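Hello,

Here is the structure I promised to pass on to you. Have a look around it first, and then read my notes below with the picture open.

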Amino acid sequence: MLSNRSIKVSNKKMTFWERIYLPAIIGGMFVTFKHIFKKKATIKYPEQKRPVSDVYRGKHILKRDENGAERCTACGLCAVACPAEAISMIASERKMGEENLYREEKYASVYEINMLRCIFCGLCEEACPKEAIFLTTELVPPFLERQDFIYGKDRLVEQVDKRVDVSKRKLKHTV
Amino acid sequence: MPKVTIDGVTIEVDEGTTIMNAARKVGGEIVPPAMCYYSKLDKSGGKCRTCLVEVTKGSDKDPRPMPKLVASCSTPIMDGMEVSNKTSQKVLDARKGVVEFLLINHPLDCPVCDQAGECDLQNLSYEHGTEGTRFEEKKRVFDKIDIGPFIQLHMTRCIMCYRCVYTADQITNERVHGVLKRGDASEIGTYIEKAIDNDFSGNVIDVCPVGALTDKTFRFKSRVWFLNPMDAHRNCDKCSGKAVVWMFGEEIYRVTGRKDQYAEVEEFICNTCRFETKDLAKWTIEGPRHISRESVISQGHYEMQPLKIENNNEETK
C-alpha cells in the first residue's frame, strides 16, 4: 500500500461455461493441433546437425606443416595469452634424425589443454606465431570423468592422413 | 660543474661524464636505449648505435650544433650542451634504421630462443622498430660451436656488441674471448672453449643483450614468464652470493645475477652459484624480485608481501 502500486485481486465469480472448462480445453487442443502442420523448430541432433560457421571455435588442433612435421615449437605464447590458463606445455630439444617430426629445434613434448577450463575464445590461435594451433568446427564431447577433459598431444595433434583444412580461419594480415 | 640539458631537463654532472650517464642520472623516458654499453664494463659502448642523440648546441663556448647524431654512450658532455633524444624526430628516425640493421642478420626465432621475454633487442624493436621487414636476402649462418656444458652459443643471434668480450677480459684474469674476422663474417670465438674454466665465465650470459649466449642448464626448460623471480642469497666463497633464482613451484629452474632497470647486473656471480646450486635448501629466499609492469615476466608474478593481520582482540592476544 505504501507504493500505491498494488493491484487488487478480482475474485469475480465464474459463469457456468467457464466453470466446466471445456471450451478452454478445446481451444487449447486446437492450438496444439495447428502446430502439427507447422515447420518444426527443432532438429534430431545426433543424426542431424546444423551448419556451423567456417570460423566456429570448437576443439583445438595442433597443425602439422606440409611435410608432416609438427609446427608447434612450445614458445608458450598461447599459454600466456590464455585468459583461462587452460594450456600447459613442456618443451624438449629436437634430436638428430627427428627433423621430419618437428619443424623447429625445440618442440612441445607435452602439450595439454584443459577443456573444462577453456572458454573457446580463440586467443591462443591469434597469439600463435607459428600457425600451429587452430580451433576447429568439431565439438568437445562430454565425458564422465574430469580427467578425460585434459587433452594431450594424442588428441590434439593433427593426424597425418586426416588433415584438417584451416585456410579459412587464417588471419588475413599474417605473412 | 658543467651543466647539460637533455630533452629540456637541466642537470649538473661531473666533468667527463658521457651524455648517456648524465641522462641516466635524470632517469625515466629521456634515457637513450643501449645495446652494447654496459656501465660495469670498461670501454664498452660505441658499437651498436642505438643510443644516438642529437646535440643541438655543442657548448656555451661554441654553441654550434654537432653536424651528425652522436653516440651518447661515448660522447662526453660539455658545459651548456643541449641534447635532444626523444624530442628529436631525426633521432627517432635514425634509431628506427639502426634497429632495422640490427635485425638484418638476427634470426626470427624468438619462439625458440630462451632469451625471449627478457631480450633487449625484443624490447628495442618493440619500441623503436618497424612491424615488417624489407630484408629479402639470406641471413648469415655459422657452424655450430659447442663451448662446454654450461653455456650455449648461438652465433646467428649475436649482434656484435662485444659485451661478452669485455666481460671475459675484465672479469676473468686472462684474455680468453674475442671476435674473429670482420664485418658481416665476424664472430665471437678464439679460445672461448677455454673461458669456460673460469669461475666467472657464466656472466657472459647475463651481459648478452640477446640470446646469443644462454644458460645450457636452463635450455628449453621453460619460458621466463612462467617462472617466479625471487631475490636470494647464499654464502659463497667466490662471489657475493646475491642472485635471483627463477622458480617454478618449489623448484629452481635457473639462477641469474640481479639486473637493474637498464638490464645490467648489480654484481657478477660465480659459476657455482649460477649453474650448480639449484637446490632450494642452499638458498635463502629474500622475497619476490621487482619486475616492471611492462614486462611479460610480470604476468602471474606477485610482489605483495603477505598481509599482517593485527590482533585487537584482548582475549586471544
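Helix 2 of chain B passes helix 3 of chain B in a left-handed crossing. Please keep in mind throughout that this is a predicted model. Two packed helices are described by the angle between their axes and the distance between the axes. Here helix 2 (residues 89-104) of chain B and helix 3 (residues 120-128) of chain B pack at an angle of about 140 degrees, and their axes are 10 Å apart. Helix 2 of chain B is therefore oblique to helix 3 of chain B.

Which residues of the two helices meet? From helix 2 of chain B come Arg95(B), Lys96(B), Val99(B), Leu102(B) and Leu103(B), and they meet Leu121(B), Leu124(B), Ser125(B) and His128(B) of helix 3 of chain B. Sorted by class, this contact between helix 2 of chain B and helix 3 of chain B has five nonpolar, two polar and two charged residues.

Next, the sheet beside that helix. Five strands of chain B form an open sheet in the order 2-1-5-3-4, with mixed pairing. Strand 2 (9-12) and strand 4 (70-71) of chain B stand at the edges with a single partner strand each, so one side of each is left without a neighbour in the sheet. Strand 1 (residues 3-6) of chain B pairs with strand 2 of chain B in the antiparallel sense over four bridges, and Ile6(B) stands opposite Val9(B) there. Helix 2 of chain B packs on this sheet and touches strand 3 (52-57) and strand 5 (81-84) of chain B. The direction of helix 2 of chain B makes about 160 degrees with that of strand 3 of chain B.

Strands of a sheet pair through backbone hydrogen bonds, either parallel or antiparallel. Strand 10 (residues 228-233) of chain B has an antiparallel pairing with strand 11 (residues 242-248) of chain B over six bridges. Two places to look are Met230(B), whose bridge partner is Val245(B), and Pro229(B), whose bridge partner is Trp246(B). Strand 10 of chain B also pairs with strand 13 (residues 284-288) of chain B, again in the antiparallel sense, over four bridges; there Asp231(B) stands opposite Gly287(B).

Strand 11 of chain B pairs with strand 12 (residues 251-256) of chain B too, in the antiparallel sense and over five bridges. Phe248(B) stands opposite Glu251(B) in this pairing. How many residues lie between strand 11 and strand 12 of chain B in their hairpin? There are two, and Gly249(B) in the turn has a positive phi of about 65 degrees.

Now to chain A. Three of its strands form an open, antiparallel sheet in the order 2-3-5. The edge strands are strand 2 (87-93) and strand 5 (150-151) of chain A, each pairing on one side only. Strand 3 (residues 106-114) of chain A pairs with strand 5 of chain A in the antiparallel sense over two bridges, where Ile113(A) has Tyr151(A) as its bridge partner.

The two chains also touch: nine residues of chain B are in contact with twelve residues of chain A. On the chain B side, these residues divide into six nonpolar, one polar and two charged.

Finally, the confidence scores. The model has an ipTM of 0.79 and a pTM of 0.82. Chain B averages a pLDDT of 87, and 89% of the residues score at least 70. Where pLDDT is low, the predicted coordinates should not be read in detail.

How values were computed. Residues are numbered from 1 along each chain as its sequence is written. Chains are lettered from A and ligands numbered from 1 in the order in which they are written. This is a predicted model: local features need pLDDT of at least 70, side-chain atom pairs count only at pLDDT 80 or more; totals for chains, interfaces and linings use all residues. Axes are lines fitted to C-alpha atoms, for helices over the stretch in contact, and angles run from 0 to 180 degrees between N-to-C directions. Angles under 35 degrees count as roughly parallel, over 145 as roughly antiparallel, 65 to 115 as roughly perpendicular and the rest as oblique. A crossing is left-handed if the near helix is turned anticlockwise from the far one by less than a right angle, and right-handed if clockwise. Two residues are in contact if their C-beta atoms, placed from the backbone, lie within 7 Å. Ala, Val, Leu, Ile, Met, Phe, Trp, Tyr, Cys and Pro count as nonpolar, Asp, Glu, Lys and Arg as charged, and the others, Gly among them, as polar. Two strands pair if DSSP finds at least two bridges between them. pLDDT is the predictor's confidence in each residue, from 0 to 100.
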